[in-house]
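Student: Could we look at a structure together and work through some questions about it? I would like to learn how to read one step by step.

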Amino acid sequence: MADDSDAEKTEPASAKRLEQAREEGDVPRSREVATFTVLMAAGAGLWMTGDGLVRQLESALVSGLAMDQEQIFNADVLFHRIGVDVVRVMLACLPLGVAVMVVALASPLLVGGWLFSSKVFTPNFNKLNPISGLTNMISKNALVELLKAILKTVVVGFVTWMVVLKYKDAVIGLSVEPLQMGIGHMVNMLGSSFLFIVGALGLIAGIDGPYQMWHYANKLKMTRQELIQESKESDGNPQIKGKIRQLQREMAKRRMMADVPTADVIVTNPTHYAVALKYADGMRGAPKVVAKGTDEVAAKIREIGKENKVAILEAPALARALHKHTEIGDEIPEQLYAAVAEVLAYVFQLRVFNRGGGNRPQEPKKLDVPPTMDPLDPAFIPKNGKKPDLNNGASV
């Protein structure tokens, strides 16, 4: 059962899958929406420019037929008149043609958007396979197209019949009207009839547009395994990425350990925390953290420190505060300046004593560490609002 569910395409298409489909020229398209918008634009254009268009066409027709005998038998004059009349007709139809062309170019924005892909011109011989053609003829998509064709026939036929009934008497009355008035009325009736019939297609377009979007999304759905495989290809194998992160941590750890011998002092907890500080004479800014760690890492820092004769000072509160509020390479927080200054003063005095000068300095026992900086102090409130577990040995 688990294998069956994994094989089902239940997951929405990823952004990469959608982009690949678009590059291949596969986007949702609705012919019904495109047809409706173009025909509606044409009908609206005829409605608004019908009277002027008829007058222009009538004038061109009259001009083309009003020629005397001399002009008829003069080829040059005849062709000139025909050319002038053709230009007049084209200019008369130009606004309507431009409006229809603009709407035809803009209609894809309603479903799918504009797309320019050269892959659609690549020959695909699979489309010539008769078996694939027969399969497409009996597919669910073919059934949907058949139902749409039947619905269009019924809806358009019904609206056309209602329009005929509405204008039946007006059409008969055209025969008794003067020519100019009759032409105007005829154009108005044709325009309104056209808009009514095309408007009926809006019902089909309103259904087909959302359906094509749903069908496209459903067609590009992916299985869980496909999503996992795509994630591996895009982001890399999680096991490999984990191995890389482990290697990066090990390299960072080695670099950190290499800096421990350069430290001036190692502040400990005494066993669970260790923070190595460095402050060179003349160095700008505050002392910096060159290494830090807990448990095994802290033990390794102390071991390297002893081997390289780095001063080690047990200061639990200060070690916890430094470990909590600093990262490798950071300067110590301003709130810990006084405590660290006291530690460094002790270290520098100890160096003088070890070289055979003066008295042995007294190890600082009570450092000025603000309670709000110590994770184990009751006054400390971390960002996540959770107090550390006092029973956890690693936090003591």
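**Helices, charges and surface**

Tutor: Let's start with a pair of helices: helix 7 (residues 140-173) and helix 8 (residues 179-219) pack with their axes 9 Å apart, at an angle of about 160°. Helices here are DSSP runs of H or I with at least four residues, strands are runs of E with at least two, and both are numbered from the N terminus. This is a predicted model, in which local features need pLDDT of at least 70 and side-chain atom pairs count only at pLDDT 80 or more, while totals for chains, interfaces and linings use all residues. Residues are numbered from 1 along each chain as its sequence is written, and side-chain values use heavy atoms, with hydrogens and water left out.

Student: Is helix 7 roughly parallel or roughly antiparallel to helix 8?

Tutor: The axes are lines fitted to C-alpha atoms over the stretch in contact, and the angle runs from 0 to 180 degrees between N-to-C directions. For this pair the angle is about 160°. Angles under 35 degrees count as roughly parallel, over 145 as roughly antiparallel, 65 to 115 as roughly perpendicular, and the rest as oblique. Helix 7 is therefore, relative to helix 8, roughly antiparallel.

Student: Is the crossing of helix 7 and helix 8 left-handed or right-handed?

Tutor: A crossing is left-handed if the near helix is turned anticlockwise from the far one by less than a right angle, and right-handed if clockwise. Where helix 7 passes helix 8, the crossing is right-handed.

Student: Is Asp208 buried or exposed?

Tutor: Buried means under 20% relative accessible area, exposed means over 50%, and partly exposed is in between (1.4 Å probe, protein chains only). Lys148 has 11% relative accessibility and is buried. At 2% relative accessibility, Asp208 also counts as buried.

Student: Which residue forms a salt bridge with Glu32?

Tutor: Glu32 is buried, at 10% relative accessibility. The closest N and O atoms of the pair are 3.3 Å apart. Glu32 lies in helix 3 (residues 31-65) and its partner in helix 7, so the bridge ties together parts that are 120 residues apart in sequence.

Student: How many residues apart in sequence are the parts tied together by Arg224 and Glu11?

Tutor: Arg224 and Glu11 form a salt bridge whose closest N and O atoms are 3.7 Å apart. Arg224 lies in helix 9 (residues 224-235) and Glu11 in the loop between helix 1 (2-7) and helix 2 (15-23), so the parts tied together are apart in sequence by 213 residues.

Student: How many salt bridges are there by this rule?

Tutor: The rule is the 4 Å cut-off between nitrogen and carboxyl oxygen. Among the pairs that meet it are Asp208 and Lys148. By this rule the count comes to 8.

Student: How far apart in space are the C-alpha atoms of Met40 and Leu201?

Tutor: Met40 is found in helix 3 and is partly exposed, with a relative accessible area of 25%. Along the sequence, Met40 and Leu201 are 161 residues apart. In space, C-alpha to C-alpha, they are separated by 9.4 Å.

Student: Which residue is 4.9 Å from Asp374 in space, C-alpha to C-alpha?

Tutor: Asp374 belongs to the segment after helix 13 (337-354). At 8% relative accessibility, Asp374 counts as buried. The residue in question, 53 residues away in sequence, is Ala321.

Student: What is the phi of Lys309?

Tutor: Most residues other than glycine have a negative phi. Lys309 is in the loop between helix 11 and strand 4 (311-314) and is exposed, with a relative accessible area of 79%. Although Lys309 is not a glycine, its phi is positive, at about 55°.

Notes:
Salt bridge = Lys/Arg side-chain N within 4 Å of Asp/Glu carboxyl O.
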